[in-house]
Each structure stands twice: as structure tokens, then as C-alpha cells.
Amino acid sequence: MSVPMLKIGAVLSTMAMVTNWMSQTLPSLVGLNGTVISSEGTHERIVSGLYPGSEEGWQVYSTASDPDGRCVCTVVAPARNLCKRDPRSRQLRILTEQVQNVSQSMEVVDLRTSRDLQYVRDSEPLLRGVDGRLHTHVANPYSLTTRGLQELKGQMSQLRPLLSVVEQYRLDLQTLAALRLELLNLSVVLTAIQEEIGAYDYEELQRRVLLLETRLHGCMNKLGCGRLTAVSTPITVRASGSRFGSWMTDAMIPSSDSRVWSMDGYYKGRRVLEYRTMGDFTKGQNFVQHQLPHPWAGTGHVVYNGSLYYNKHQSNILVQYHFRSRSVMLQRSLSGAGYNNTFPYSWGGSSDIDLMADEMGLWAVYTSIPNAGNIMVSRLDSRSLEVLRSWDTGFPKRSAGEAFMICGTLYVTNSHLAGAKVHFAYHTNSSTYEYTDIPFHNQYSHISMMDYNPRERALYTWNNGHQVLYNVTLFHVIRSDG
């Protein structure tokens, strides 16, 4: 009986190895989703890219087009995430459960057989005694007395349960044969799946994803500033607040900080809501409230490097409010700038001074009486709020629906209502302007805030009580490595 037990032990050892391989390797045998490159931009995925979900973890790195119109470095890549939607993962999960079931059955057989073997070992002295007496009586029948016969019957009665033990062991051998066959079938299926997926383990897949991310960041670092060529279809992130307001993420800090700020209304507001992530913003949860010491005017606010920059109510004073310290760091008057609906955008709303940020830094868009109501663009020092340089665009501010800066160029929309398009651009690097014809869908027909975020390369808009995102397509000049 020791030989079959050795066979069982061998199978159990094999089973342990298979179970160990399944637990360590199978979760890693997943297909790597391909990098998504879209010539139409990333508007279908930008929302999930801005706030990765628990299952996908998408990341949007950049948007651009080369001179031939092909999209470059517009990338959506899974960041070290298992491809849970791969149908092979379900198949592997089922196989894992089957292997676990086989393993449990083998443990039961092993336990029962070990118990039966121990019973046989305990019965061995009695069995040897009976065997010896039987041989004696067979050799000399006259040696069997009445008392000896009674003792022999008693010993035989004690050995009777051994028959059922042997019978159970025979059934266990049949069970073991069936389990061996099932294990063989599982091994064949697992081998086929492994050949289909490839020989990559989880560490190799993770290394490849990390390498891809490094290459993507390198590609993005090569992107110079670009010229706006297209605006995507809108993505409604949330419907909240009044008809007018603003919302934004920080235009400068690392992408690991995904906080979102919301400021409802345009007149004498003080309350700023800070959400932990874009996902929390869409659900209206996990936020803290900042109460500004001075009320704001308009919707032209911007968050830049951890601070909120805004126009103080009924003045041309710019205020820097630091979120972490919850205090005003700086106030400075924007000399000559109109305020209190003197020179607003066409929609009004005390939008005289519009603060914004792009790849070049912090800007103020406004106008004054000396420049006849034409839009002025001033680059600001974010630490002192001093004007570094100003440009007169020659475009009347009251004729503009909204405006935003990308790569040092001011882009102006012709209206805040339906049918709007980007139709004027002023390039500060050359002090020149041009008329453009870049349409975009004004879905809710009343935009009261439109700002570009250089970190995410997206337009944030407040559209009639809806918070909406637009992806942008930029014509880039790719810098070589030398």
C-alpha cells in the first residue's frame, strides 16, 4: 500500500506546483491593450483620462498634429492596469477555480487515504498474529482447541472493519484516476492559453508599459508650442450651478494633483469649492470650501501654481489667494483696466478682466478707455502681478464672446451664443493678428467662461449651467534631439 500512497504524494506535489503557478502567473497573463492614436483627437476619452476610473486608469498625454495632418502624441495608455475586459481573463479565472476544486479534492483524498493507511498500520500486529495462528493451525489441525478457536474468532472480528477500509481505498484510487485525467485536461488548456498570450509574465508587461510611458513623456517634451487648428465636440462633465460661473484645474502643477475648483456666479461671490478629483467633481462629493476675504467679479479666474487669481469686485485690483494657507498673498491694481461692466465680453457679467494661463505663464485680457475698448493682452509676473509686457490687439472687446490663450496666442470667439466659432487670433510673439474660421459646437447656447489648460491641453467652459470640456488640436513644430 505504500506505492499508491507515493503516487498520491507525487500528484499532490504536482498539484501544489500548478496551484502556485496559477496564483502567481495567471493574473499576469493578460493582453496589453494597444496605444490609441486618433486623428480626430481624444474627445471620446478625455474625461476618463482626466479622472481615471477604478478599472481603466486611462491617461491623456497630449494632442497634436504633424504637417501632414496626422495626429502625433495623442495617446491614451493603460497605466499598469490589468486588462480586465480581456475575455481570456474570464477563461483563466474559471480555470483557476477548477484547479482549486481539483486541489481541494486531492486534499480530501490525501487526508482520507492517510487515515486509512494509519488504520492498516495500527491493525498490522493483529493481522500478523492472526496470520501466524492460521498457519500453525493449517500445519497442525489438532493444535486448534475450543478456547483457541474463540480467540481466533475474536481477532477476526476486530479485523472485519479493515474490509471497508480497503474498499474505500479502492474507490479512492478510482477518484484519483479521474482527478489525474481532469488535471491533464487543464494542463492542455493552460498550455494553449499560454502559447496564445505569449511567454510574457506580469513583470515583463509592466516593464513594457513603463517604457511606453517614458517614451510618451519624451514625445510630449519634444512638442513645441502649437497653433490651434480644431476644437473637438463638447464633453459635458456635469450640470450644476447657475447660468454663469467658472471651473478649472491648476494650469501649472504636476498632473498627479487632480483637484478641481468651482466658482458659481459672476457677481460678489466668495465661495470656492475644491474637489479632490475630477471624478468627485462630477459626483459633487469630497470637496472643501474656501471663503474668500474679498468677493470676485466676472468669471475670468484662473488657478495657477496652487493659487487662485481673480478680479476683486468693483475694482481693477487683481487678487492672489493661496489655497494651502487660505490667505491672500498679494493684491495689485491693473492700471487703466476697465471694471464693473465698463468693457465686458458681449455677454456682460462684469467680465472686464479675464485672467488666464498657458504654456508661457499668466496673462490678463482686458481693455481701457485710452485704447478705445480694444482688447489688451498683458503678460503678468505670477509672483508680483506686475505687467511684464502688453499688446493692443485692435479687436473690440464688446464684440468678443469669450477668449483664451494658447502658446502666447490670444484666440477670440465671435459670440457666446449658438453658432460660435474661433474667428480671431493675435500672436504676441510677432505682434500680428489673423482672422480664423474654427467652428465648435456651443451645445447649451450661452458660454460665460472659456479657458485653456496647458497641462491637459483642453478647453474648460461654463455653458449655461453646464461644465463642458473641449479637446483641441494643435499644429506643432517637433523639435529634434539635435
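**Aromatic rings in a predicted model**

Me: Why is Tyr470 called buried in this predicted model?
Reply: Tyr470 has a relative accessible area of 0%. Buried means under 20%. So Tyr470 counts as buried.

Me: Why is Phe440 called buried?
Reply: The relative accessible area of Phe440 is 8%. The cut-off is under 20%, so Phe440 is buried.

Me: How many aromatic pairs are there?
Reply: The count is 17 aromatic pairs.

Me: Why is the pair of Trp261 and Phe323 called stacked?
Reply: The ring centres of Trp261 and Phe323 are 4.9 Å apart, with 20° between the planes. A pair needs centres within 6.5 Å, and stacked needs planes under 30 degrees apart. So Trp261 and Phe323 form a stacked pair.

Me: What does the pair of Trp261 and Phe323 tie together?
Reply: Trp261 lies in strand β7, and Phe323 in the loop between β12 and β13. The pair therefore ties together parts 62 residues apart in sequence. Both Trp261 and Phe323 are buried.

Me: What makes Phe440 and Tyr470 an edge-to-face pair?
Reply: Their centres lie 5.7 Å apart, with 80° between the planes. Phe440 is in the loop between β21 and β22, while Tyr470 is in strand β24, 30 residues apart.

Me: How do you know that the charged end of Lys397 sits over the ring of Tyr345?
Reply: The charged end of Lys397 is 3.8 Å from the ring centre of Tyr345. The distance limit is within 6 Å, and the direction must be within 35 degrees of the ring normal. Lys397 is listed as sitting over that ring.

Terms used: Residues are numbered from 1 along each chain as its sequence is written. This is a predicted model: local features need pLDDT of at least 70, side-chain atom pairs count only at pLDDT 80 or more; totals for chains, interfaces and linings use all residues. Side-chain values use heavy atoms; hydrogens and water are left out. Rings of Phe, Tyr and Trp (its six-membered ring) pair if their centres lie within 6.5 Å; planes under 30 degrees apart count as stacked, over 60 as edge-to-face and the rest as tilted. Helices (H or I, at least four residues) and strands (E, at least two) are DSSP runs, numbered from the N terminus. Buried means under 20% relative accessible area, exposed over 50%, partly exposed in between (1.4 Å probe, protein chains only).
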